Amino acid sequence: WKAMNNKGLLLVFSGPSGVGKGTVLKEYLKKHPHTAFSVSATTRKPRAGEIHGQHYFFLSREEFELLVENGGLLEHAQFAGNCYGTPREAVEQNLEKGIDVVLEIEVQGALQVKQKCPDALLVFVMPPSFEELRRRLTDRGTEDGATVERRLANAAREMEAAKHYDYIVVNQTVEDAADQLEQIVCAAKHTAKYLREFIDEVEYDAETCCK
C-alpha cells in the first residue's frame, strides 16, 4: 500500500460578510486540529490584544512591498488604505510536510491563488438566501442601516464570483456547513488531480511487472 499523496491540501475559504464563514471554519478546525490556518501579513497597525505572528504578521509598507517584489506572497490586495497578503513560504512548507493549509481570504485574493496554485481547493460559503443574509447582518446590531446596505451590496458583488470556485457550502446551520466542508475536503483528496503521483506510481509498477 503506497502513500496516496504525501502533500497537504491547500484550502481557500471565502464568503461575504455576515455569512458566518469564520464560525464554520472554527467548527471544522476543532475536528481537524492538525490543519494549519494561514496567518496573513498586513500593513495596518495591531489592535489591542493582537499578537504578531498569531493574528497577523504586522509589516511596514516597505517590508510588504519587498515581499510582493520578491514573489513572497501567494496573493495580496488593498482594503481601506492597508495592504493584506498571504506569505508564500509558510504555506508551502506546511504543504510539503503533508499538512493541510486553510486560507480564509477575500474573493480577489482567492482568484489570485487559483492562478498560482491550480491544485488549490476553492470553497465559497453562501447564505440560504439573500434575505437571510440581510437578517443576520441586521440582527448583529453592531452597524447602522447604511453600513448594512453597503455590506449587502458588496456581498452581492462577491457572490457573483462564487461560480469560479470549486465547491459551494450553504450555511443553514454551522454544524451542517462544517460537515459539508469536511465531505468536500475528503472528496477532493480522492480526485485524480490530487492523486496524480499515486496514479503514476501504480502505472509505473504495472509497466515494470508486465515487461
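Biologist: How much space lies in the second largest pocket?
Modeller: About 510 Å³. Keep in mind that this is a predicted model.
Biologist: Which residues are closest to its centre?
Modeller: K7, G8, D119, A120 and Y194. They belong to a lining of 25 residues.
Biologist: And which element gives the most to that lining?
Modeller: Helix α3 does, with 5 residues. The elements that give two or more are α3 (88-96) and α8 (196-209).
Biologist: What's the lining of the second largest pocket like by class?
Modeller: It has 12 nonpolar, 3 polar and 10 charged residues.
Biologist: OK, now the largest pocket. How much space is in there?
Modeller: About 930 Å³. The lining has 32 residues. K21, Y56, E104, I105 and E106 lie nearest the centre.
Biologist: Which elements give two or more residues to the lining of the largest pocket?
Modeller: Helices α1 (21-31), α4 (107-116) and α6 (145-160), plus strands β5 (73-79), β6 (82-87) and β7 (101-104).
Biologist: And the classes there?
Modeller: The lining of the largest pocket has 10 nonpolar, 12 polar and 10 charged residues.
Biologist: You mentioned β5 and β6. What order do the strands take in the sheet?
Modeller: The order is β4-β3-β6-β5. The sheet is open, has 4 strands, and its pairing is mixed. At the edges sit β4 (57-58) and β5, each pairing on one side only.
Biologist: Parallel or antiparallel for β5 and β6?
Modeller: Antiparallel, over 6 bridges. Q78 stands opposite C83 in β6.
Biologist: Which strands does helix α2 touch?
Modeller: Helix α2 (residues 61-69) packs on the sheet and touches β3 (41-42), β5 and β6. Its direction makes about 135 degrees with that of β5.
Biologist: Back to α3, from the second largest pocket. Where does α3 lie on the strands?
Modeller: Across β5 and β6, running at about 25 degrees to β6.
Biologist: Last topic, helix on helix. At what angle do α5 and α6 pack?
Modeller: About 145 degrees, with the axes of α5 (residues 130-140) and α6 10 Å apart. Their crossing is right-handed.
Biologist: Which residues make the contact?
Modeller: From α5, F130, L133, R134, L137, T138 and R140. From α6, V148, E149, R151, L152, A155, A156 and M159.
Biologist: How does the contact of α5 with α6 split by class?
Modeller: 8 nonpolar, 1 polar and 4 charged residues.

Key:
Residues numbered from 1 in each chain as written. Predicted model: local features only at pLDDT ≥ 70, side-chain atom pairs only at ≥ 80, totals over all residues. Heavy atoms only, no water. 1 Å grid on protein atoms, 1.4 Å probe; cavity = no way out; pocket = protein on both sides within 12 Å on 5 of 7 lines; lining within 4 Å. Points joined across faces, edges and corners; volume = space filled by probe spheres on them. Nonpolar A, V, L, I, M, F, W, Y, C, P; charged D, E, K, R; others polar. Pairing = 2+ DSSP bridges. Contact = heavy atoms within 4.5 Å. Axes fitted to C-alpha atoms, helices over the stretch in contact; angles between N-to-C directions. Left-handed = near helix turned anticlockwise from the far one by under 90°.
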